[in-house]
Amino acid sequence: MVSIDGKEHHNSLVRVRNLSKLYRRGGETINVLQGLNLDVEKGEFVAFMGPSGSGKTTLLNLLGGLDTPTSGTVTVDGDEITNMSGRNLASWRARHVGFIFQMYNLIPVLTAFQNIELPLLLTKLSKAQRRQHVETALTLVGLGDRMKHYPRQLSGGQEQRVAIARAIVTDPTFLLCDEPTGDLDRKAAEEILDLLTELESNHGKTILMVTHDPLAAERADMTLHLDKGALVEAAS
Amino acid sequence: MKYLPFVFRNLFRKKTRTILTVGSIAVALFLFGLLVTIERSLNAGVDVAGVDRLIVRNKISLIMPLPLAYQERLRQIDHVSEATYASWFGAIYQEPKNFFPQFAIDTETYRTVFPEFEISEEEWQAFLADQAGAVVGRVTAERFGWEVGDRIPLQGTFLSGTWEFNLRAIYEGSRPGDDESQFWFHAKFLDESRNWGKGTVGWYTVKIDDADHAVAVSKAVDERFGNSAYETSTETEQAFAAGFAKQIGNIRMLILSIGAVVLFTLLLVTGNTMAMAVRERVPELGVLKTLGFGDRTVLFLVLAESLVIATFGGALGVLLAKLFTLGGDPTGGFLPVFYLSTGEMIFGIVIAIVVGLVAGSIPALTAMNLRIVDALRRV
């Protein structure tokens with residue numbers, strides 16, 4: 001169950017309390033997020049919508065430990081990440097978070113296989129074990145025959161599949177998706193959304209997705225709107 | 001090691017730039033190798049000069065002779081274990097450019113004072129038995145294709161006429177850096193064949209029993225011959241060789257200056273390459289950090305690239321310099337000890353590695369301190 005009321009929920013995988021983020025631009029202070037609360041249980045698929053500049057990506061960055069809040073806490077699976085050192089946060093990200101970006105963000109000089117293998121280089125897995133994990137992830141996203149292809153040799157949809165494989169190859173606690181279909185045509189977008197839905201329903205993945213696309217948001221268990229720095233429940 | 005393929009992939013992202021940078025480093029280290037070789041060659045005498053040997057020369061000038069009779073008087077001075085002599089000959093072989101040092105030596109004592117020159121006993125005996133015999137160093141023998149048994153005609157300069165010698169032996173130095181370009185023949189042969197200067201020698205080399213007595217013996221020698229018609233100036237062989245090298249100028253300073261300029265240029269070239277490489281890859285570095293690569297790992301990855309470029313370029317340059325020096329003295333005799341030692345090769349590569357580290361450090365620190373959200377914003 002997804003909740004934004006800030007009350008205690010014992011089964012929360014992700015728990016956000018009084019999260020605020022201020023930016024100073026010139027002499028002006030911008031309150032991007034203001035006292036935001038959120039609880040997400042394991043295996044849920046949540047979509048965040050809102051106009052440009054409403055703080056969707058900022059929220060995602062804070063949930064993924066890419067940025068630090070001005071105040072408030074983010075706790076994931078019992079770990080409060082808001083107080084972690086940079087070093088601990090990096091290793092926490094490697095273990096717990098799978099990121100999927102709008103522009104795929106693959107490394108152009110690496111093949112699909114090598115791109116997916118990247119997060120595994122941070123583990124103690126042997127080369128053979130890494131290979132096995134990468135092949136499993138590639139098969140799961142339907143690109144088992146493209147492992148030696150470079151990003152430039154793949155279509156946008158295929159690139160995003162590789163990015164999803166890279167995000168899930170370490171079996172992270174949750175996936176953070178920032179406009180995963182924003183750069184794709186409708187057909188490719190649908191395929192990516194099918195894949196995300198499958199990851200949630202068949203593999204129990206917890207997915208938090210920022211999107212502008214109402215059709216994409218429809219795939220989520222719940223859609224939350226960000227409005228003036230606060231979360232508002234939209235639909236379920 | 002598991003990051004190495006990733007480092008290499010990044011290096012070949014801009015092949016032309018990487019190749020040009022490696023090439024710049026290789027050229028610089030090739031130049032470094034040559035400078036070191038030239039410097040070593042010019043100072044070869046200083047480096048291998050015996051600390052327990054003194055050079056006794058005419059106080060007025062090296063070109064002024066000393067009496068042959070001094071040999072016995074030198075032997076009588078305390079702590080002198082042997083005294084040998086030699087005279088400069090200065091002839092040419094076929095053409096003036098074929099320069100190499102020729103000495104008329106005292107065959108009875110020369111090898112005792114200079115044990116570092118190795119000659120087979122059989123060849124040495126053949127030399128002693130032949131009044132017109134000669135011994136030549138390996139380098140000069142190879143240079144002119146001479147073999148034992150050859151007849152060598154030399155054209156005299158200050159002693160006119162053609163002087164013919166029978167090559168009886170070829171010597172080799174026992175240490176790297178020993179001069180293997182000399183040509184020796186019997187002092188008696190010179191004395192009997194010339195019309196002037198009979199009974200004189202060019203200089204003496206005195207072997208002392210302990211290097212600690214060098215100053216005292218030098219003083220004793222010069223006092224012994226003071227107020228005579230042939231006053232002497234005595235100094236250690238090392239000081240003598242250094243003074244000789246200084247006549248060409250302060251080579252070491254010159255080489256250090258050129259080397260410093262080359263290294264500074266290298267720093268700029270490598271630093272610029274790495275700075276560009278990091279600037280172009282800011283979003284990717286952000287992605288790496290997002291995936292969980294720590295700041296130090298990112299620092300290491302950038303430094304590793306810089307190090308690979310510098311080490312590869314450095315090794316290539318040093319190797320090319322080594323290959324060049326294997327061809328021997330390119331000046332036709334002015335640099336008789338022309339080789340690049342393994343130690344100097346390693347030193348060159350170490351310099352390249354240090355350059356790689358320093359040049360890569362600023363871009364690497366920039367990459368390390370990059371904030372993820374700022375980096376991703378540049379996608």
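In this predicted model, strands are DSSP runs of E with at least two residues, numbered from the N terminus.

View 1. Although A:Asp77 is not a glycine, its phi is positive, at about 50 degrees. A:Asp77 has 16 other C-beta atoms within 10 Å and is therefore partly exposed, since that class lies between the limits of 12 or fewer for exposed and 20 or more for buried.

**View 2. A:Glu179 lies in a loop between a strand and a helix of chain A.** The elements on either side of the loop are strand 7 (174–178) and helix 6 (186–203). A:Glu179 is a residue other than glycine, yet its phi is positive, near 50 degrees. The residue counts as buried because it has 20 C-beta neighbours inside 10 Å, and burial requires 20 or more.

**View 3. Chain B and chain A are in contact.** The contact involves 18 residues of chain B and 19 residues of chain A. On the side of chain B that touches chain A, helix 1 (4–11), helix 12 (282–291) and helix 15 (372–377) of chain B each supply at least two residues. Helix 12 of chain B provides the largest share of that side, six residues.

**View 4. The side of chain B that touches chain A contains nonpolar, polar and charged residues.** Eight of the residues on this side of chain B are nonpolar, four are polar and six are charged.

Note on methods: Residues numbered from 1 in each chain as written. Chains lettered and ligands numbered in written order. Predicted model: local features only at pLDDT ≥ 70, side-chain atom pairs only at ≥ 80, totals over all residues. Helix = DSSP H or I, 4+ residues; strand = E, 2+ residues; numbered from the N terminus. Contact = placed C-beta atoms within 7 Å. Nonpolar A, V, L, I, M, F, W, Y, C, P; charged D, E, K, R; others polar.
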